[in-house]
Amino acid sequence: MRKLFIDFDNTIVDTTRATCITYNIIHSTDIQPEIIENYDMSPHLALNGDFNIFSNFILYNHLKLFDGVVECLNKLKDNFEIYLVTNCSIESISLKYSKFF
């Protein structure tokens with residue numbers, strides 16, 4: 001069976017939206033996901049510093065699958081071994097896994 005590798009963030013789930021919501025909660029701001037272009041949040045969100053937003057449970061409470069993802073993956077699984085890939089910390093992987101698997 002052929003292998004299919006699919007990125008997790010902003011392909012399977014709406015990470016941009018969840019990141020904006022989390023940032024707004026933590027920093028009392030009102031950044032809207034619609035202003036983010038090409039998934040580059042750096043001009044709008046100060047993501048540097050001691051706090052790692054991507055390893056925070058708040059983000060994963062707001063992380064949602066895009067519409068149609070489950071149906072699409074169910075169709076693909078008949079013809080492919082599906083692997084979800086991501087570039088993140090061990091803490092972040094644990095939170096993603098516990099939320100969706």
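## A short tour from helix 1

Start by selecting Thr15, which sits in helix 1; helices here are DSSP runs of H or I with at least four residues, strands are runs of E with at least two, and both are numbered from the N terminus. You are looking at a predicted model, where local features need pLDDT of at least 70, side-chain atom pairs count only at pLDDT 80 or more, and totals for chains, interfaces and linings use all residues. Residues are numbered from 1 along each chain as its sequence is written, and side-chain values use heavy atoms, with hydrogens and water left out.

Thr15 is buried at 5% relative accessibility (buried means under 20% relative accessible area, exposed over 50%, partly exposed in between, with a 1.4 Å probe and protein chains only). Show its contacts (heavy atoms within 4.5 Å): leaving aside neighbours within four places in sequence, Thr15 touches Asp9, Asn10 and Leu63.

Next, select Asn10, in the loop between strand 1 (2-7) and helix 1 (15-27). Most residues other than glycine have a negative phi. Asn10, however, has a positive phi near 60 degrees, and this residue is buried, with a relative accessible area of 14%.

Now go to Ser28, in the loop between helix 1 and helix 2 (57-62). Ser28 is not a glycine either, yet its phi is positive, about 50 degrees. Ser28 counts as exposed, at 68% relative accessibility.

Finish with the cysteines. The structure holds zero disulfides (pairs of cysteine sulfur atoms within 2.5 Å). For Cys20, the nearest cysteine sulfur is that of Cys88, 18 Å away. Cys20 is buried, with a relative accessible area of 1%, while Cys72 is partly exposed at 40%.
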